[in-house]
Amino acid sequence: AMQGCMWCAHDSICSSVPMSRSQFAQVGAITKCSEASYVSTCDSETNNVFNDPLYDAQSWIYDLIRIEEVWKEGITGNGIHVRINDRGVDHLHPDLAENFDIDASCEVYTIESIDKDHGTTCAAIAVASANNNECSVGIAPNATLSSCRVLGDEPT
């Protein structure tokens, strides 16, 4: 079973819990998603490259950049390193933990708080792990990941 990943297609949001409009307003974001808009699975096509539960919800981006053709050639990010310079990355996120390289990260690499999690979202788009029964899959699911918190509040 999924570890609590919820999907809202209106805003292309994957979250551990359905987020209310008031939660988005707290961080200055606007959403079309109501709490009832979230789903935990999507109807799956049988020809998906990977078996992540929300793969089909993200298939529009895979189609847009034609990444499935690349994946079928066996190119999935091996040997590539992605650094996210943002508000930090949740290195314990189940879609990121497996390939997170703490040693290659800056001294401060974690998120400030769950409501300031833009870096984690960016990291998931880039390198979320495949075939792990979590959310979806990133563009380079076998790449390693590091993080530097360069935006937001100073670490305490």
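**A chat about cores, a disulfide and some loops**

Q: Which residues make up the largest nonpolar core here?
A: In this predicted model, the largest nonpolar core has 10 residues in all, namely Ile84, Val89, Leu96, Phe100, Tyr109, Ala123, Val127, Ala140, Ala143 and Leu145.

Q: And what about a second core?
A: A second, separate core has six residues, and among them are Phe50, Tyr62, Trp71 and Val137. As background, nonpolar side chains in soluble globular proteins tend to be buried together.

Q: Can we zoom out? How many helices and strands are there, and in what order do the elements run?
A: The protein chain has four helices and four strands, and from the N terminus on the order is β-β-α-α-α-β-α-β.

Q: How much of the chain is buried?
A: Of the 156 residues in the protein chain, 38% are buried. The chain exposes about 8,800 Å², and carbon and sulfur atoms supply 51% of that area.

Q: What share of the contacts join residues at least 24 apart?
A: Among contacts between residues at least 6 apart in sequence, 62% join residues at least 24 apart.

Q: New topic: how many disulfides does a search of the structure find?
A: The search of the whole structure finds one disulfide, and this disulfide is formed by cysteine 106 and cysteine 148, whose sulfur atoms are 1.7 Å apart. In general terms, a disulfide is a covalent bond between the sulfur atoms of two cysteines.

Q: Which parts does the pair of cysteine 106 and cysteine 148 tie together?
A: Cysteine 106 lies in the loop between strand 3 (81-86) and helix 4 (118-127), while cysteine 148 lies in strand 4 (residues 144-149), so the pair ties together parts that are 42 residues apart in sequence.

Q: Why is the disulfide called right-handed?
A: The disulfide is right-handed because the torsion about the S-S bond of cysteine 106 and cysteine 148 is about 65°.

Q: Are those two cysteines buried or exposed?
A: Cysteine 148 counts as buried because its relative accessibility is 3%, under the 20% limit for that word, whereas cysteine 106 is partly exposed, with a relative accessible area of 30%. Another cysteine, cysteine 122, counts as partly exposed at 26% relative accessibility.

Q: Okay, which residues form the salt bridge?
A: The structure holds one salt bridge, in which arginine 66 pairs with glutamate 69, and the closest N and O atoms are 3.1 Å apart. Arginine 66 counts as exposed at 52% relative accessibility, while glutamate 69, at 45%, counts as partly exposed.

Q: Which residues of helix 2 are buried?
A: The buried residues of helix 2 are Tyr55, Asp56, Ala57, Gln58, Ser59 and Tyr62. Helix 2 covers residues 55-65 and also contains tryptophan 60, which counts as partly exposed at 47% relative accessibility.

Q: Last one: where is aspartate 95, and is it buried or exposed?
A: Aspartate 95 is found in the loop between strand 3 and helix 4, and it counts as buried at 2% relative accessibility.

Q: What is aspartate 95 in contact with?
A: Leaving aside neighbours within four places in sequence, aspartate 95 is in contact with Val127, Ala128, Ser129, Asn132, Glu134, Cys135 and Ser136. The C-alpha atoms of aspartate 95 and proline 141 are separated by 9.1 Å, and these two residues are 46 residues apart along the chain.

Technical notes. Residues are numbered from 1 along each chain as its sequence is written. This is a predicted model: local features need pLDDT of at least 70, side-chain atom pairs count only at pLDDT 80 or more; totals for chains, interfaces and linings use all residues. Side-chain values use heavy atoms; hydrogens and water are left out. Helices (H or I, at least four residues) and strands (E, at least two) are DSSP runs, numbered from the N terminus. Buried means under 20% relative accessible area, exposed over 50%, partly exposed in between (1.4 Å probe, protein chains only). A disulfide is a pair of cysteine sulfur atoms within 2.5 Å. Contact means heavy atoms within 4.5 Å. Accessible areas come from the Shrake-Rupley method with a 1.4 Å probe; for residues, only the protein chains shown count as cover. A salt bridge is a side-chain nitrogen of Lys or Arg within 4 Å of a carboxyl oxygen of Asp or Glu. A nonpolar core is a set of buried Ala, Val, Leu, Ile, Met, Phe, Trp, Tyr and Cys residues joined through side-chain atoms within 4.5 Å.
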